[in-house]
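Hello,

Here is the structure we talked about handing over.

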Amino acid sequence: MKVYIFLLMLIMGILPSIFMRVGILQSYEERAVDLRTSDTQTQFKIIANHLLNNNYLQDTSSEAINAELEQMSNLYDGRVIIINNNFRVVKDTYSISEGKTMISEEVILCFKGQGSTKYDKKNGYIEMTIPIEETSSGKSQTASPDTVKKDNAGQVQGVMLASVSTDSIAATMEILNRKAMIIEIVMIICIFGVAVGFSTILVKPFNRVTQAITEVKDGFTDEPIAVPDYIETEHIINAFNQLLTQMKVIDDSRQEFVSNVSHELKTPLTSMKVLADSLMQQQDAPLALYQEFMQDIADEIERENKIINDLLSLVKMDKTAAQMNISSVDVNELIESVLKRLRPIARLRDVEVVFESIRPVTAELDDVKITQVFTNLVENAIKYNKEHGWVKVLLDADHQFFTVEISDSGIGIPESDYDHIFERFYRVDKSHSREIGGTGLGLAITRNAVLLHRGSVKVSSLEGQGTCFTVKIPLTYVR
């Protein structure tokens with residue numbers, strides 16, 4: 001980023017100076033050429049008048065005119081050619097083309113009254129064709145070479161072809177260019193220094209952000225960091241602090257989960273060891289006692305097996321949704337089959353289980369995972385219910401989602417526990433958990449399975465009066 005800022009500032013500083021130098025030189029060149037052209041046109045206009053007044057086109061012996069032409073040629077370091085109306089060269093200041101016939105497009109146009117000017121930058125000269133025109137009053141007339149037109153009252157008697165050197169303009173431009181280059185180099189050095197300074201200053205906050213994040217990464221600190229120099233750094237830091245907080249929560253949750261797993265797995269093993277040690281210490285224990293202790297050991301083994309199975313289910317739930325086996329499922333039939341398996345448990349506690357369906361519902365689901373969801377919720381509603389209580393399952397749907405409400409007349413859940421009931425191994429009624437036989441993983445499994453279907457699960461409850469879980473799942477699975 002520092003390099004990009006440096007290059008950007010360097011380019012933004014250098015390019016304008018280059019454009020300014022080039023623009024100034026071009027402007028000067030155009031202005032100097034225009035002035036040179038205007039000046040020479042005025043001089044040649046005067047000479048053209050002298051040519052006609054002295055009848056020079058027919059008699060070139062005038063020393064005064066010849067001297068004047070030579071003077072103009074030397075003054076502008078150029079060449080002057082006079083052409084009469086027969087296209088014959090009557091005078092050449094270089095004495096090369098005298099007596100020759102000169103026919104060119106510019107000369108022909110000039111005889112028609114259309115003068116021309118051409119600037120040859122490569123060879124360094126300005127070439128002009130100037131019509132020598134006689135008016136009806138007998139006086140010559142020379143107009144601007146770019147605009148002159150043959151007057152109906154006059155006649156072009158000849159053409160003056162002049163070339164003027166622009167070496168002095170080129171020399172001046174060279175001097176200006178050298179001076180501009182010196183100024184430009186000084187500006188580039190200054191811009192270079194400013195670019196280095198500004199890029200360093202602008203990048204410093206980001207270096208501090210990097211250093212602060214590195215300290216957190218290396219474990220030197222876990223406190224939120226702050227670099228309030230720019231709004232951009234504040235946004236980056238705020239996002240990082242939110243991520244850091246989330247990572248802390250995940251890490252704490254992981255540590256708590258490991259601790260809970262260790263405790264839950266260790267408890268049945270401890271119980272089995274105590275029972276086994278008790279039997280070993282009683283050498284003449286009766287058969288009934290052996291059978292009782294072995295039954296307790298079998299119950300602890302079963303409890304350990306349930307915990308392991310639930311943990312395996314959670315591991316599977318934590319994997320990607322790519323392992324979802326989606327198919328079209330009759331939700332009414334699925335709930336009926338779940339309730340059919342759980343009604344014997346409800347009858348043992350004298351709990352009435354009622355299923356009410358507002359309409360038939362078919363949805364795209366993983367039937368195994370959804371079956372586990374409804375099984376866990378209904379089984380909890382039965383286990384944590386009162387004697388002679390009830391459990392009601394209500395199914396409804398709209399054009400996007402289907403909703404299942406599982407309500408009961410049980411012991412209820414304190415409002416303070418709403419945010420924790422879906423955590424692993426969390427139990428609301430810890431005093432009765434061992435009697436009921438739960439592992440504390442059922443609601444965690446339920447929530448994960450619902451989330452895999454892009455759904456939601458909510459709870460509302462009144463302590464001592466009952467609980468209602470509401471599961472909302474899309475009818476069409478979004479991959």
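**What was found**

Leu7 has its place in helix α1. Please bear in mind that this is a predicted model.

At 39% relative accessibility, Leu7 counts as partly exposed, because that value lies between the 20% and 50% cut-offs. Leu7 also belongs to a nonpolar surface patch of about 660 Å², which it makes together with Val3, Tyr4, Ile11, Leu15 and Phe19.

Helix α1 covers residues 2-53, and Thr37 is found in it too. Is Thr37 buried or exposed? Thr37 has 10% relative accessibility, so it counts as buried; the cut-off for this is under 20%. The Thr37 side chain reaches the backbone oxygen of Val33 at 2.7 Å. If neighbours within four places in sequence are left aside, Thr37 is in contact with Thr117, Ile126 and Met128.

Next, the nonpolar cores. Which residues touch the most other members of the largest nonpolar core? They are Ile335, Phe374, Phe402, Ile406 and Phe469, out of 41 residues in that core. A second core of 25 residues is separate, and Val90, Ile126, Met128 and Met160 are among its members. Two of these names came up above: Ile126 and Met128 are in contact with Thr37.

Regards

Technical notes:
Residues are numbered from 1 along each chain as its sequence is written. This is a predicted model: local features need pLDDT of at least 70, side-chain atom pairs count only at pLDDT 80 or more; totals for chains, interfaces and linings use all residues. Side-chain values use heavy atoms; hydrogens and water are left out. Helices (H or I, at least four residues) and strands (E, at least two) are DSSP runs, numbered from the N terminus. Buried means under 20% relative accessible area, exposed over 50%, partly exposed in between (1.4 Å probe, protein chains only). A polar contact is a pair of N or O atoms within 3.5 Å; within protein, one must be able to donate a hydrogen and the other to accept it, and residues adjacent in sequence count only if both atoms are side-chain atoms. Contact means heavy atoms within 4.5 Å. A nonpolar core is a set of buried Ala, Val, Leu, Ile, Met, Phe, Trp, Tyr and Cys residues joined through side-chain atoms within 4.5 Å. Patches are made of residues with over 30% relative accessible area and no salt bridge: like charges are joined within 9 Å, nonpolar side chains (Val, Leu, Ile, Met, Phe, Trp, Tyr) within 5 Å. Accessible areas come from the Shrake-Rupley method with a 1.4 Å probe; for residues, only the protein chains shown count as cover. A salt bridge is a side-chain nitrogen of Lys or Arg within 4 Å of a carboxyl oxygen of Asp or Glu.
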